[in-house]
Every structure is written in structure tokens, then in C-alpha cells.
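Here is a friendly walk through one fold, written for someone who likes to know the cut-offs behind the words. Take a look at the structure first, and then we can go through its parts together.

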Amino acid sequence: MSSADKNLSVFNTEGLPDISNKKFALVVAEWNSEITEALFDGAYKTLVEYGAAKENIVRGNVPGSFELTLGAHWFAQREDIDAVIALGVVIQGETKHNDYINHAVAQGITNISIKNNKPVIFGVLTPNDMQQAIDRAGGVHGNKGDEAAMTAIKMVGLKEQIAGK
Ligand code: DLZ
């Protein structure tokens with residue numbers, strides 16, 4: 001299924017873990033904030049809907065998506081945080097910058113996830129234009145923030161399963 005056909009807010013919720021005692025950090029890029037605030041709202045709502053306690057959700061802002069990696073790393077280093085969700089949007093085509101930012105953040109987030117041995121989720125939209133971003137930030141294709149939160153929940157569950165908990 002191509003991403004244009006997928007609704008980012010529709011997922012399989014079988015066998016989700018109990019996350020009532022799990023702590024989540026949301027790192028939000030301020031660049032294109034009308035989109036990233038919608039991603040945050042979706043992620044926050046999804047975490048709460050599936051059992052996270054509001055007091056167990058913390059947020060930090062970074063100026064742009066390029067800084068998501070370091071912001072997420074700082075949260076991931078905290079022992080009490082179970083998963084980190086990085087939220088941003090880099091509009092392709094607007095500037096060559098996007099190639100550098102997208103690749104750097106994707107690689108950076110992969111690295112810090114492994115280094116800290118906990119889920120760090122790539123909740124970054126990489127649309128061709130603003131309309132595609134709107135469509136994926138609570139629009140016709142759902143909300144990437146919802147999907148990122150659900151991914152965090154599932155990865156927390158997988159980690160527990162593998163640990164035999
Ligand atoms: C500089 C820049 C540009 C051109 N585009 C975006 C973007 O589409 N999305 C985003 O999140 N951030 C962008 N930035 C900012 C960089 O991520 C970073 O904050 C700056 O390069 C730091 O000087």
C-alpha cells in the first residue's frame with residue numbers, strides 16, 4: 001500500500017501492552033509549527049487513548065527537525081523514559097536543505113534508538129508540498145502523530161515481550 005492510500009490513524013490494535021506506567025517523551029520541531037502542533041496533538045491523544053497517564057507524557061521543543069536527534073537523545077538518556085517520539089516536517093522541493101535534514105534525522109534517530117536501547121520513533125513527515133503535509137497531519141490521510149504514538153506503544157510492548165515480562 002502506498003502512503004497516499006494509507007490512513008495513518010487506522011491501525012491494528014490487537015495485543016497492545018499495558019502502558020499505564022510507561023513514560024513517553026515527545027520532541028517537537030518548531031519549524032512549520034502549524035503542522036507539528038497537529039502531529040503533537042495526534043500523538044498525545046493516541047497515547048492517552050491507549051492507556052498512558054497524562055503525567056507520564058513529557059514534551060520538549062527543538063527549533064527545527066535537524067535538532068530532533070539531539071533533543072530525542074537527551075530524553076532517551078533518561079532512565080525513566082520508556083520511549084521517545086520525534087515529530088517534525090520537512091517539505092521537499094522547497095529547498096535542497098531537505099535532503100540533508102531528512103537523511104541526517106533518519107540516521108540520527110536510528111542511531112540513538114540503538115545506542116539507548118529504547119524506541120525512538122521517526123514521526124517526521126517528508127511531503128512534497130504543504131498540502132501533502134496537511135493531509136497527513138489530521139487531514140484525509142490521518143495523522144502521522146497518531147501513527148508515531150502507536151508505533152511507540154507497540155515497540156514498548158515488543159521490548160517487554162522479548163524481555164519475558
Ligand atoms: C533550515 C530549515 C529548512 C530550510 N527547512 C526546514 C524544514 O522544512 N523543516 C524543519 O523542521 N526544519 C527546517 N529547517 C531548520 C533546520 O531543521 C535547523 O533547525 C536549522 O538548519 C538550524 O540552523
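## Ground rules

Angles under 35 degrees count as roughly parallel, over 145 as roughly antiparallel, 65 to 115 as roughly perpendicular and the rest as oblique. Axes are lines fitted to C-alpha atoms, for helices over the stretch in contact, and angles run from 0 to 180 degrees between N-to-C directions. Helices (H or I, at least four residues) and strands (E, at least two) are DSSP runs, numbered from the N terminus.

This is a predicted model, in which local features need pLDDT of at least 70 and side-chain atom pairs count only at pLDDT 80 or more, while totals for chains, interfaces and linings use all residues. Residues are numbered from 1 along each chain as its sequence is written, and side-chain values use heavy atoms, with hydrogens and water left out.

## The sheet

Let us begin with the strands, where two strands pair if DSSP finds at least two bridges between them. Four strands form an open sheet in the order β2-β1-β3-β4, and the pairing is parallel. β2 and β4 stand at the edges with a single partner strand each, so one side of each has no neighbour in the sheet. From one strand to the next, the twist averages 15°.

The parallel strands β1 and β2 are joined by six bridges, and Phe24 stands opposite Ile57 in β2. Five bridges join β1 to β3, again in parallel, and here the bridge partner of Phe24 is Ala83 in β3. β3 and β4 pair in the parallel sense over six bridges; in β4, Val124 is the bridge partner of Gly88.

## An enclosed strand

How much of β3 is buried? Seven of its seven residues are, so β3 is largely enclosed by the rest of the structure. Buried means under 20% relative accessible area, exposed over 50%, and partly exposed in between (1.4 Å probe, protein chains only). In a regular strand the side chains alternate between the two faces of the sheet. Both faces of β3 are covered: Ala83, Ile85, Leu87 and Val89 are buried on one side, and Val84, Ala86 and Gly88 on the other.

## Helix α2 and its neighbours

Seven of the nine residues of helix α2 (residues 68-76) are buried, so α2 too is largely enclosed by the rest of the structure. These buried residues are Leu68, Thr69, Gly71, Ala72, His73, Phe75 and Ala76. They pack against β1 (24-29), β2 (57-62), β3 (83-89), α3 (97-116) and β4 (120-125). α2 lies across β1, β2, β3 and β4, and runs at about 165° to β1.

With α3, α2 packs at an angle of about 15°, the axes being 9 Å apart. That makes α2 roughly parallel to α3. On the α2 side the contact (heavy atoms within 4.5 Å) is made by Leu68, Thr69, Ala72, His73 and Ala76, and on the α3 side the residues include Ala104, Val105, Gly108 and Ile109.

Ile81 has its place in the loop between α2 and β3. At 1% relative accessibility, Ile81 counts as buried. Leaving aside neighbours within four places in sequence, Ile81 is in contact with Lys23, Ala25, Val58, Phe75 and Lys118.

## Helices α1 and α5

The axes of α1 and α5 are 7 Å apart, and the two helices pack at an angle of about 40°. α1 and α5 are therefore oblique to each other. Their contact is made by Leu39, Gly42, Ala43, Lys45, Thr46 and Leu47 of α1 and Lys144, Gly145, Asp146, Ala149, Met150 and Ile153 of α5. α5 also lies across β1, β3 and β4, running at about 165° to β4.

## Two nonpolar cores

A nonpolar core is a set of buried Ala, Val, Leu, Ile, Met, Phe, Trp, Tyr and Cys residues joined through side-chain atoms within 4.5 Å. The largest has 27 residues, and those with the most contacts inside it are Phe24, Leu26, Ile35, Leu47, Ile85 and Leu87. β1, α1 (33-49), β3, β4 and α5 (144-162) each supply at least two residues of this core.

A second, separate core of 19 residues includes Val58, Leu68, Phe75 and Ala76.
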